[in-house]
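Please look over the model before reading on.

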Amino acid sequence: MGLIKLKIREFADEKGWTLKEVSDRSGVAYSSVRAYARAPGLAMVDFTSILKMARALDVMIEDLVEVVEE
């Protein structure tokens, strides 16, 4: 099973947003946004959360997700 990293912090920094602002703008719980942003590699993630964060950050899902291990 592969691992992915979500590049939330990178895109939030580009917009000058905090992780709390990503949470507020996406509707994804702050604890989830923070956990996703800090994780070096995730085996599972809620796809709806990825979609909501990508929309809030105005990026494609493919840009938000980075494969770190296949």
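## Ser23

Ser23 has 7% relative accessibility and therefore counts as buried (under 20% relative accessible area; exposed is over 50%, partly exposed in between; 1.4 Å probe, protein chains only). Ser23 belongs to helix α2, residues 19-26 (helices are DSSP runs of H or I with at least four residues, strands runs of E with at least two, numbered from the N terminus).

This is a predicted model: local features need pLDDT of at least 70 and side-chain atom pairs pLDDT 80 or more, while totals for chains, interfaces and linings use all residues. Residues are numbered from 1 along each chain as its sequence is written, and side-chain values use heavy atoms, without hydrogens and water.

From the side chain of Ser23 to the backbone oxygen of Val28 the distance is 2.6 Å. Leaving out residues up to four places away in sequence, Ser23 is in contact with Val28, Ala29, Tyr30 and Val33 (heavy atoms within 4.5 Å).

## Helix α3

Val33, Tyr36 and Ala37 are the buried residues in helix α3, residues 30-38. They lie on the same side of α3 because they cover an arc of only 100 degrees around the axis, taken from the directions from the helix axis to the C-beta atoms. The buried residues of α3 pack against β1 (3-6), α1 (8-15), α2 and α4 (47-57).

## Ser26

Ser26, also in helix α2, counts as buried because its relative accessibility is 10%. Its side chain reaches the backbone oxygen of Val22 at 2.7 Å, and a polar atom of the Ser26 side chain lies 3.2 Å from the backbone nitrogen of Val28. Not counting residues up to four places away in sequence, Ser26 touches Lys52, Met53 and Ala56.

Conventions
A polar contact is a pair of N or O atoms within 3.5 Å; within protein, one must be able to donate a hydrogen and the other to accept it, and residues adjacent in sequence count only if both atoms are side-chain atoms.
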